[in-house]
Amino acid sequence: MSGGGWCGRGDRPRTFPKRKPVICYDSPAAASVSHALYDDLRHRALLGETILKLEVPKKSARTWEMKKGDLCRITVTQGSQVGDVNFWNLQNRNERFYSGKTRQLHSTHLTVYDRLWSCLPYLRPMATVVADSLKKYGIDEDGASIHDVIGTRCDDYTYKLITGKDRSGSCHTYLTEAVKKLGMSETDVHDVWNIFMCTGFSKDTHKYFVKASPAVKGDYIEFIADMDLLVAMSTCPQGDVSIPVGQEVPDDKCHPLGVEVFRASDEN
Ligand SMILES: [Zn+2]
């Protein structure tokens, strides 16, 4: 509506009362972990055994298992790189990560002591973040932050929608290929936790935006399994996600990520 009164065409002018935002969900007790307990679990795991060490090569995905209490550290081993992570209950693959509810219970971006929740009807903590070398990034002047649960995984279907071109090579494809080796299928792949990814919503239109990930070699994030888990992670073919989906990404923008799993020994 531009200038003047309503002339009978278009929408009648309307004003809305101003109301204060209300945080939608009261934080449940289960969403607030004891920092001392999880710090202790972290130290005990790190002092224990390294039970797994693997590299997820660039533009690919790998799976691994964790027992309840194990700690997983994911590290930027070469250049800045985003990882897309899926979780399933190891004993029941129907129970899987629910990024939307995790966002509602915590925030658009996860950091230390936030938890990753499973889908309905289970709604249980699957893992708890215990260390994040990028924690100090916080929320920047554009409202962006890191380790996103807003976005989904990149996929070839949306790529075709945007570009009209067929392609095989996206986080969705890589995750699908990785879980097929375990007898699972494309429909088991679900919305991800985007680690090291820097995102937000634009202030004017609330469109989803990305910024080049500030993660550099040596940055890491750690989580503790709150149940026995199957984990899958892809190394995004968007690399640090500084180039919009639909545009060509140079190969040298893409890097591997390192995965380590630590288990507390009985003595410590
Ligand atoms: Zn991706």
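1. Basis. This is a predicted model, in which local features need pLDDT of at least 70 and side-chain atom pairs count only at pLDDT 80 or more, while totals for chains, interfaces and linings use all residues. Residues are numbered from 1 along each chain as its sequence is written.

2. Sheet. Six strands form an open sheet in the order β1-β13-β3-β11-β7-β6, with antiparallel pairing. Strands are DSSP runs (E, at least two residues), numbered from the N terminus, as are helices (H or I, at least four); two strands pair if DSSP finds at least two bridges between them. β1 (49–56) and β6 (115–117) are the edge strands, each with a single partner strand, so one side of each has no neighbour in the sheet. On average, neighbouring strands of this sheet are turned by 20° against each other, direction ignored.

3. Helix on the sheet. Helix α1 (residues 35–47) packs on the sheet and touches β3, β7 (125–132), β11 and β13 (257–263). Its direction makes about 100° with that of β11. Axes are lines fitted to C-alpha atoms, for helices over the stretch in contact, and angles run from 0 to 180 degrees between N-to-C directions. Contact means C-beta atoms, placed from the backbone, within 7 Å.

4. β3 (residues 71–76) and β11 (residues 220–225) pair in the antiparallel sense over five bridges. T75 has Y220 in β11 as its bridge partner.

5. Not counting residues up to four places away in sequence, F87 touches R96, F97, L116, M126, A127, L229 and V231.

How values were computed: Two residues are in contact if their C-beta atoms, placed from the backbone, lie within 7 Å.
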